Amino acid sequence: MIDPRSLDDYRAHGGYKGFERALSLGPDAILNEVTASGLRGRGGAGFPTGIKWKTVAQAKADRKFIVCNADEGDSGTFADRMIMEGDPFLVIEGMTTAGITVGATKGYIYIRSEYPHAVEAMNAAIVAAKRGGYLGDKIGGSTYSFDLEVRVGAGAYVCGEETSLLESLEGRRGIVRAKPPLPAHHGLFGKPTVINNVLSFAAIPFILAEGAKAYADFGMGRSRGTMPIQLAGNIRYGGLFETAFGVTLGELVDDIGGGTFTGRPLRAVQVGGPLGAYFPRALFDTPFDYEAFAARDGLIGHGGIVVFDDSVDMRRQARFAMEFCAVESCGKCTPCRIGSTRGVETIEKIINGERVHENLALVEDLCNTMKFGSLCALGGFTPYPVLSALQHFREDFAPIPTRLQAAE
Ligand SMILES: Cc1cc2nc3c(=O)[nH]c(=O)nc-3n(C[C@H](O)[C@H](O)[C@H](O)COP(=O)(O)O)c2cc1C
Ligand code: SF4
């Protein structure tokens, strides 16, 4: 609806209403609103945004930073890109609000290089916001200052991991930092830093304009508000659908997505990017909710759903998960760096019919080592797609997989 190049158009559609209320509330009351809204980080981990902001607000430092994670590396996801290209002032307003809340005067938006239109749209919006007095000194006629800069990544999945992203922003190779210290205490250039996903910042203007309750009224359990869900892969009506948490996986894929694009029976969906579990139809009653997915050994991540029909070979999907990890690993820890390569080799042996039972046991053992021994979620969550394939699609891993032979 909004012309992404026009600050006036953004304001005509209620833009900066939330920010103006934020200015009148002041930092403590803003923190209360964000916390009461129940907003959890939309980048994947689902950490409460209010707690993160409060930690940075309470940290004592001469400088603090706001960083927007727009690396959007998950397969089948494009919500960050669509917001940045279509409604960039929303992200700027959310980040500026974070800045005045925690006492930061500078923010960076880290965008993946594969998103040139988003880079252009964000840069143009930053220029317009500066011209309109919404970035720079004394923003919106207040005593606060806040400025923004876009930085373009160089295309590594691991640079979406927050500490690796900070390394990259500082001009080094994207390699994961051990935690603690948390970025909230020791982040960009060693200063307290709020790092949030694009969607998390984009939720802030509504929360402040309409009040925490209006946002928290949507959703279920501890998953409050709405989620922009992305339907991709072999699906009839792919796209971005924003809806309240609580809708079931089946409703999303069958009713909204219209089933497979090929018209063949749907066999599996991968939810939450390349580190997400594969769910069969039997789990389609799972509500879209952080805890409900976790209870079934899955994750909702950044809200991407990739659909596969019955021609999928789940052995190859399991192999792909390990290969992805091997290619994208930052190399800092052994379970991920070495384990993923051994995982590819072992699954290949299973595909070739070599000592299938022994090698399946070895893969499960390796997955446990990666799950509990990896430094970050790249190595730690790669077992989710692998183990879910083994658990829900065991027939594909039989010494002679008759289902796949019949399909051929
Ligand atoms: C390997 C890996 C890749 C990640 N990629 C992204 C990403 O592309 N975008 C993102 O927002 N978060 C990503 N995350 C999560 C971030 O580390 C971090 O939790 C997030 O930016 C925090 O923002 P939020 O609280 O608003 O979700 C990734 C995590 C891991 C382990
Ligand atoms: S799990 Fe992988 S990506 Fe994460 S720190 Fe270890 S080697 Fe790096």
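Two strands are said to pair here if DSSP finds at least two bridges between them, and helices (H or I, at least four residues) and strands (E, at least two) are DSSP runs numbered from the N terminus.

Before going further, please keep in mind that this is a predicted model, in which local features need pLDDT of at least 70 and side-chain atom pairs count only at pLDDT 80 or more, while totals for chains, interfaces and linings use all residues. Residues are numbered from 1 along each chain as its sequence is written, chains are lettered from A and ligands numbered from 1 in the order in which they are written, and side-chain values use heavy atoms, with hydrogens and water left out.

Staying with β4, which covers residues 193–197, I would describe this strand as mostly covered, with 5 of its 5 residues buried; buried means under 20% relative accessible area, exposed means over 50%, and partly exposed is in between, using a 1.4 Å probe and protein chains only. In a regular strand the side chains alternate between the two faces of the sheet. In β4, Thr193, Ile195 and Asn197 point one way, whereas Val194 and Asn196 point the other way, and all of them are buried.

That brings me to the ligand. Which residues come nearest to ligand 1? Of the 19 residues around ligand 1, the nearest are Gly43, Asn69, Asn196, Asn197 and Ser200, where near means that a heavy atom of the residue lies within 4 Å of the molecule or strand in question. As for polar contacts, meaning pairs of N or O atoms within 3.5 Å (within protein, one must be able to donate a hydrogen and the other to accept it, and residues adjacent in sequence count only if both atoms are side-chain atoms), a polar side-chain atom of Ser200 lies 2.6 Å from an oxygen atom of ligand 1. The side chain of Asn69 has an N or O atom 2.9 Å from an oxygen atom of the ligand, and a polar backbone atom of Glu72 is 3.1 Å from a ligand oxygen atom.

Most residues other than glycine have a negative phi, and most peptide bonds are trans. Glu72, which is not a glycine, has a positive phi of about 30°; this residue is found in the loop between β1 and α5 (79–86), and at a relative accessible area of 5% Glu72 is buried.

Is Phe189 buried or partly exposed? With a relative accessible area of 44%, Phe189 is partly exposed.

Let me turn to helix α14, residues 334–351, which has 18 residues and reaches 25 Å from its first C-alpha to its last, close to the 26 Å expected at 1.5 Å a residue; that expected span is 1.5 Å times one less than the number of residues. The helix bends by about 25° at Ser340, the bend being the angle between axes fitted to the seven residues ending there and the seven starting there. Its buried residues include Pro335, Gly339, Ile347 and Ile351, and what covers the buried residues of α14 includes α13 (314–328), α15 (356–373), α16 (377–381) and α17 (383–392).

Thr346 is found in this helix and counts as buried at 8% relative accessibility. Not counting residues up to four places away in sequence, Thr346 touches Asn359, Leu362 and Val363, contact meaning heavy atoms within 4.5 Å, and its side chain reaches the backbone oxygen of Arg342 at 2.6 Å. Just after α14, Gly353 takes a positive phi of about 75°.

I will finish with an open sheet of 5 strands, whose order is β8-β7-β11-β9-β10, with mixed pairing. β8 (239–244) and β10 (278–279) stand at the edges with a single partner strand each, so one side of each is left without a neighbour in the sheet. Strand β9, residues 266–271, pairs with β10 in the antiparallel sense over 2 bridges, and Val269 stands opposite Phe279 in β10.
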